[in-house]
Amino acid sequence: MTFPMKHLAMVAVFACACTAFAQQAAPAKPAATMAAGVLNGQTVRIAFMDPLSGSFASVGQNLLKSWQFAAERLSGAKNPAGVKFEVVGFDNKGSPQESLNTLKAAIDQGFRYVTQGNGSGAAAAILNAVAKHNERNPGKEVIYLNYSAVDPALTNEKCDYWHFRLDADTTMKMEALTSFMKDQPKVKSVYLLNQNYAHGHQVAKYFKEGMARKRPDVKIAGEDLHPLGQVKDFAPYVAKIKQSGADTIVTGNWGADLTLFVKALNDAGLKLPMYTYYASATGTPTALAASGGSEVYIVSYSHANHTGEIGQMRADYKKRFNDDYISYSNYNGIQLLGAAMAKAKSTDPVQVAKALEGLSVKSFAGDITMRASDHQLQMSMFISKWQKVDGKNPYSLENTGYTFAPIKQMDAYVASTPTSCQMKRPS
Amino acid sequence: MEFFAISLLNGLSYGLLLFMLSSGLTLIFSMMGVLNFAHASFYMLGAYFAFSVGQWLGYWPALLVAPLLVGLFGAGFEKYCLRRVHKFGHVPELLITFGLSFIILEMVQLVWGAGSMDYRVPAGLDGPLFTLYGTQFPAYRGFMMAVAVLMLIAIWLLLTRTRIGLVIQAALTHPETVEALGHNVPRVFMLVFGGGAALAGLAGVVGGNAFVTEPGMAATVGSVIFVVVVVGGMGSLSGAFVASLLIGIIQTFAVGIDSSLLGAAGMAGLHITPDTFGYSLCKLKISQIAPILPYLFLVLMLIFRPRGLLGTREG
């Protein structure tokens, strides 16, 4: 019994010594490097927590790689603060409960920046836990960057000072989408199919609200909610959609839930225009390509064919991982962090959070602004459409020969929605 | 009528798919008494093997080769791992298959990556088989149904009409006697386990391209095949068949029903408002709970008829 104990103690002492050494070594670095930026050589570690196993692992793994890729590309001289970004993945299995554990683990390991995006349930749990932690542990504050959980509540009634949202929330996406759909005369009868959780409910709710305002003549032919990641066979839903006589489908589904739905539509030969959030993500383009030229639209703050730095990053990402760089919110997030750290001349979350409020930076589609009143990023929105690649839109998604081509860009103010957030700022 | 016919067809084909998935599990359980937790992992392996073999040889050879590979893997696992823990009873057997499922999952992610594979339906089976009321019935679904029915007939004939089937059945209840008669009982068990794994592999070959071939695919079918086996009766092949069809059809029709307790209360003259206690439960539509109905059956079956629909033994 004594030997293992001794062994354990030695390991612990050794580990402590190592961290102490690492902490001492880190500040010594700035003097050695001579690049632009006020915080040269400091390292900012970001804890990424999303499902890295299970049904939605493929999306989670892609996004983790994207964050790490963006961190690598925007480190050092590439950001105004001159800091080095490092992203480490934690598997929260998509569950709010697990997220609390991974958050605790990340905080214990000294992470001061946390990012998460898949699932508004987990997002709300992290938002609350971060708020509590920051209140109880002054001097050890943590910033939570929400890169794609789109529940409007997170920047309205549940809003928190330490939470910053990098994606457009559902009200903004639906504002943009309904603004586009109101000009489509053939949209007359819409079927809503969504996952049965906060996100799916809101897609349905805000779509109906927006349409009632802009095109009261459009009727809702039917509406369905199915459990998240449980349905294997969507054929019954397709039969129901056909039965309802709808001429358009709107869905907020993602991951396997969207891929399987698209497959079932193809199988039944039901070709209806479909308006989606996430049809460009893992697996779905492959399923769409199998049916050829379906009419599919995406509403997002980006599209597949940006040029410039982000286009180059997309190409390099493809070369390195043989996978598509599907989300650019990590790019925006790291850009904002770099600018805020330069402005605050510090990597301390308290200073950085203050600097982030109202901060504007130039991004791949014009300026983006972190609205101070609710910490919702304001940015321009795109509607893109599924089509074969051409000279103007050359990026082939998942090597299918198809792409999502932008057909309409809307300025940030078009999709901007009011907030009811009563932000409590630390005194 | 139109909706009814199409839903019935969808339900039947989904039910047959469930049977295809669970037949191997039932076979192993009824013949060896081992509840194989890695069954869904064999299904996943079948899909991945078929994808890789298919790229090299094409789909049809893969339909034969992939289940064989999975079967060999299963037989090897039985011979070198499962057999060693057999003498310690059923719990260690269950645990070792549970461990295997995790190993397979991680190995698949290491070899093929975490993304989904572009595993497509062969060109010959792509497209509709026939059109019913303007809705296409995909040829591949027809193929899946045919494979499931063939599986049922083949297993049934093998077990009841052949000499090896008799030996297998006898080895289950009277292993010493069978051994005394000169049969190699451990080898019989190895064959059964390999055969069950091959059936799961075949289901993977056929199901992998109909749905999505990705590391999460084992987890999504894992739970529902246990439901089929429990509802059908532990170890009863015909029970599994009846249970699969029943679950498939009920679940499919439930999706089409939009009524809720709220509507029923309205007809009875009760007015339930959002402020009423339990409103969120009352407004649930049957279509919303359709995908969890199988699990409800599982619980009810275990309470009221623990041996299942056609099971012969308790538990």
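Two strands are said to pair if DSSP finds at least two bridges between them, and helices (H or I, at least four residues) and strands (E, at least two) are DSSP runs numbered from the N terminus. The legends below describe a predicted model, in which local features need pLDDT of at least 70 and side-chain atom pairs count only at pLDDT 80 or more, while totals for chains, interfaces and linings use all residues. Residues are numbered from 1 along each chain as its sequence is written, chains are lettered from A and ligands numbered from 1 in the order in which they are written, and side-chain values use heavy atoms, with hydrogens and water left out.

**View 1. Strand 14 of chain A and its pairing with strands 10 and 15.** Strand 10 (residues 296–300) and strand 14 (residues 381–388) of chain A are antiparallel and are joined by 4 bridges, with A:Tyr297 having A:Lys385 as its bridge partner in strand 14. Strand 14 also runs antiparallel to strand 15 (residues 402–410) of chain A, to which 8 bridges join it, and here A:Lys388 is partnered by A:Tyr402 of strand 15.

**View 2**

**View 3. The contact between chain A and chain B.** Counting contact as heavy atoms within 4.5 Å, 31 residues from chain A and 34 residues from chain B take part. The buried area, which is the accessible area (1.4 Å probe) that two parts lose on being put together, summed over both, is about 2900 Å² for these chains, and carbon and sulfur atoms give 55% of this area. There is 1 salt bridge between the two chains, a salt bridge being a side-chain nitrogen of Lys or Arg within 4 Å of a carboxyl oxygen of Asp or Glu. This salt bridge is formed by B:Arg141 and A:Asp233, whose closest N and O atoms are 2.4 Å apart.

**View 4. A salt bridge between A:Glu72 and A:Arg320.** The closest N and O atoms of A:Glu72 and A:Arg320 are 2.9 Å apart. This pair links distant parts of the chain, with A:Glu72 in helix 2 and A:Arg320 in helix 10 (residues 308–321) of chain A, 248 residues apart. Relative accessible area sorts residues into buried (under 20%), exposed (over 50%) and partly exposed in between (1.4 Å probe, protein chains only); A:Glu72 at 47% is partly exposed, and A:Arg320 at 44% is partly exposed.

**View 5. A salt bridge between A:Arg213 and A:Glu175.** In this pair the closest N and O atoms are 3.4 Å apart. A:Arg213 belongs to helix 6 (residues 198–214) and A:Glu175 to helix 5 (residues 170–181) of chain A, and the pair links distant parts of the chain, 38 residues apart. A:Arg213 is exposed, with a relative accessible area of 52%, whereas A:Glu175 counts as buried at 15% relative accessibility. Salt bridges that share partners join A:Glu175, A:Arg213 and A:Lys214 into one network.
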